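Subject: Structure handover

Hello,

Here is the structure we talked about. Please open it alongside these notes.

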Amino acid sequence: MASTEVPLGAQQDADSAVVATQAPRWRAYLPVVATAVALAAIPLIIGDSRYYTDLATLALVFAAYAVGFNIIFGNTNQLFLCLGAFAGVGAYGTGALGNELGVPMPLGVLISVCVVAGFGAAFSWVSVRRRLDVIFVGIVTLTFSLVFINLLLGQRDVTGGETGMVLLYDPGPVGERGLVSYYIFLTVLIVFLTVYRWVQRSHIGWAFRALRDDEVAAELSGIDVARYKMIAGAMGSAMVALVGALYGHYEGFFSPTTFELGQVDVPVLVMLAFGGIGSLLGPVVGATVFTIVDAVLRPLAQLRTAVYGVILLVLFLGFRHGVVPSINDLARWVARRRSPGS
Amino acid sequence: MAVVLDGVAYGLQLALLAVGLTMIYGLGGVLNLAHGQFAVVTAIAAALLMDSGLPTLPAVIVGVLTGAVLALILDASIMRPVYRLQGENRVLLSLLITLGVAFVIDGLLIYNYPFTALNLNVAGPAINLLGVPMRRGSLAASLLALVALGVLIVFLRYTRRGKAVRSIIEDEEGAQLCGINPSRIRTAVFALSGGLAGVAAVAEGMTSSLSATDGLNLTILALIVTVVGGLGSVAGALLAGLLLGIVYSLATFYIGAYVTFIILLVTAMATILVRPSGLMGRGA
Amino acid sequence: MLTVEDLNAGYDDSVVVHDVSLHVDDGEAVAVIGSNGAGKTTLLRTICGLLPARSGTVVYGDHALLGKPAHSVARLGVAFVPAERHLFPRMSVQENLELGAYPARPDQQQLERVFELFPRLKDRRRQQAGTMSGGEQQMLAVGRALMARPSLLVLDEPTTGLAPILAEEAYASLKVLRSEGTTVLVAEQQVPLALDLADRAYVIEDGRMQMDGQATDLVDHPDVRRAYLGIA
């Protein structure tokens, strides 16, 4: 697929994907590299504080979740509201396999991630076959999420029910709180971002943009919409599951509340909304801002929820595409003003 | 048999909760995720009034009106930009905006009234219905739900305003051509849905208790019943409510709490996948 | 009574109707004829408030219509019967008719008049509108519009989807209404029927008015005969 060809749908795209597709390779991956460097430097700024390091690690975790969700929702308009469940299967799956069957952690993670990828692909396939609208996909996945939570609560012997699961084996380096785990999650995030950028520049990304713009038109012009949605569904959910598994091992302990809708899906949605749905760095910006705001507001306890509500309202009544694309648009506008001939 | 009756009782409450949500979707193509919050606001308002000495009946009535007024304000203000969009965009934006509103109300209520709960205990021994002893609270709740639903159905089927509401769901352009103002009716029905959610809260208060934390759960419950019954169909909400209520009751009796929820959810999922338009929806 | 001046209207980015002017006097029957895609539907829908206009004026009696939503235009006495009819499929014939009079209480007298005009509707008054045939649905659409006792009846291609006999029946009913004093504005592709009913007619093509005049004159006009009546 010639990378210079820009299909009609992409021309109207609000995000930077088109620029990314046409730019030479080093320019396209520059944002990822820059982000990697910036985030790698953070611990140097933070210093020795365990609290802030943990906070920063949490931000990385959510940013990684958000990249996965970005692929699923931001690129192919599939509203999967079961991110928490996917992450939970990653964590609980690995944990259960390790606790009960002594399966070594890397293998356990691999198995759980594959299972979740299967679910993700299945949801995508079903939604295309049954021609489900966006809300229906949301409701079906939401239901799945609730089923999962109830399964966790019900199967007490394996999952520990309400009290949660404790990992009985050595979780490995990711369980070492502090710098080691920070850099592990940072590596994961950078890998995700690199993959995301690569996808944007590939024929897969081209197909995503086409079907996001007009699914029927894409289908009619020969794009196998089902196949690409399944790719997005599997890829994004696998990412979320991987992060979920690692996060579970980082904490060493997790319960159903760790992975419920309000703890995972909603924050990720708000982060992405703020950072820019469909944009490369949106997840990072969104996660950073959200984590800082959350930490600052912690003394407000329950009132935080109200604040997030207000943020959501302001975001969606105001900036329709999020803050990051607005900055991109601004940059493009400025560039155009400077060189009127181009 | 007792189990089935219990299921019907619960089902009526579910239907009452869902019917407002489904009407708003049918009329305006918007999904209101703050629906459960209207119920909770009613409950908290009524509980607070009762605590300060007001007798039960006026407190409850004021509570329900509070829910309705809140819904009215919401529709007339924040929802305006949503109505400017069409189709799928409108639904998505309505989801996000109402979610924001739900969070705001949820956060404010839980923060300010964490321990306030609505408890409407109906005292007295169990009453025999068809040879089955039923708790008074359960019976009272079912009666309330039945009356409310009955009034709604009479309104929709036999009054001019009610028919105007149905006509907008049937064909909005046709309704406009008859001189019917869709946006004014939409606002009125939005307020009505808030009131109905409030009545559902009262019913819930009779069988158990309702507090500020229940908001989002109620919304999810209403959403599932609505979707299974068919978005926009009042009859569907009724049918789905009863169906899911009976399934819930049977499952809880024969199996257990967690598995029951799973069965309920799987039933809902299966219905959506097999017939996305719902039990009474139009077209697949 | 209805005056349209220099109307420009269309959808999204395209302008379909260019600088169109027409008028309809009280008691007249006026036809707008043209081929498919000429702009007839756009013109009528803009007049009746279903589409926003780009520029121009539409005055009905004392009221400026442009900018008013469709339901306000309806309440001013302009009843529009669109080509797709937009009936309420799961409501009965009777309910459809009664809603036509909204917000007023349905007038029994007017209902009887409609049943007199369309006896088949009376037979099916309890039947669901969606289960009726094309011809019956057309009657119902017109009947519903009449329930509000409109001072101007606007119809967009009332013969859509109707067999020739039914189309003739439809225009026969319109003639009856005409004779009772109802003002009629009708857009039509089936030119002979329209010119038979109308006093005056406008010819529209490519979104512009090409010519207008007395219906009887237009029937004899060579261009009209060639383009619309299939006569060389």
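**A proline in a loop of chain C**

C:P103 sits in the loop between α3 (93-100) and α4 (108-117) of chain C. Helices (H or I, at least four residues) and strands (E, at least two) are DSSP runs, numbered from the N terminus. The peptide bond joining C:Y102 and C:P103 is cis, with omega about 0°.

This is a predicted model: local features need pLDDT of at least 70, side-chain atom pairs count only at pLDDT 80 or more, and totals for chains, interfaces and linings use all residues. Residues are numbered from 1 along each chain as its sequence is written, while chains are lettered from A and ligands numbered from 1 in the order in which they are written.

**Positive phi values**

Most residues other than glycine have a negative phi, and most peptide bonds are trans. Now the exceptions here. A:R131 is not a glycine, yet its phi is positive, near 50°. A:R131 lies in the loop between α6 (105-129) and α7 of chain A. Is A:R131 buried or exposed? A:R131 is exposed, because it has 10 other C-beta atoms within 10 Å. The cut-offs: a residue is buried if 20 or more other C-beta atoms lie within 10 Å of its own, exposed if 12 or fewer, and partly exposed in between, with C-beta atoms placed from the backbone.

C:E157 is another non-glycine with a positive phi, about 45°. Its place is the loop between β7 and α7 (164-179) of chain C. C:E157 counts as buried because it has 21 C-beta neighbours inside 10 Å.

Chain C has an open sheet of six strands in the order β6-β7-β8-β3-β9-β10, with mixed pairing. Two strands pair if DSSP finds at least two bridges between them. β6 (78-81) and β10 (208-214) of chain C are at the edges with a single partner strand each, so one side of each has no neighbour in the sheet. On average, neighbouring strands of this sheet are turned by 15° against each other, direction ignored.

β6(C) pairs with β7 (residues 152-156) of chain C in the parallel sense, over four bridges. In β7(C), C:L153 stands opposite C:A79.

Helix α1 (residues 40-47) of chain C lies across β3 (29-33), β7, β8 (183-188) and β9 (200-205) of chain C. The helix runs at about 150° to β7(C). Axes are lines fitted to C-alpha atoms, for helices over the stretch in contact, and angles run from 0 to 180 degrees between N-to-C directions. Eight of the eight residues of α1(C) are buried, so the helix is largely enclosed by the rest of the structure. Among them are C:K40 and C:R45.

**Chain A against chain B**

This contact takes 29 residues from chain A and 34 residues from chain B. Two residues are in contact if their C-beta atoms, placed from the backbone, lie within 7 Å. On the chain A side, α7 (134-154) and α15 are the elements that give two or more residues. α7(A) has the largest share, 12 residues. The chain A side divides into 20 nonpolar, six polar and three charged residues. Ala, Val, Leu, Ile, Met, Phe, Trp, Tyr, Cys and Pro count as nonpolar, Asp, Glu, Lys and Arg as charged, and the others, Gly among them, as polar.

The axes of α15 (residues 303-317) of chain A and α5 (residues 87-112) of chain B come within 7 Å and cross at roughly 155°. The two helices, α15(A) and α5(B), are therefore roughly antiparallel (angles over 145 degrees). By class, their contact has 18 nonpolar, four polar and two charged residues.

**Chain B against chain C**

Here 15 residues come from chain B and 19 residues from chain C. α7 (160-170) and α8 of chain B each supply at least two residues of the chain B side. α7(B) gives the most, with six residues. The chain B side divides into four nonpolar, five polar and six charged residues.

B:E173 is found in α8 (residues 172-177) of chain B. Leaving aside its neighbours within four places in sequence, B:E173 is in contact with C:L50 and C:H86. B:E173 counts as partly exposed because it has 17 C-beta neighbours inside 10 Å.

Best wishes

Notes: Parallel < 35°, antiparallel > 145°, perpendicular 65-115°, else oblique.
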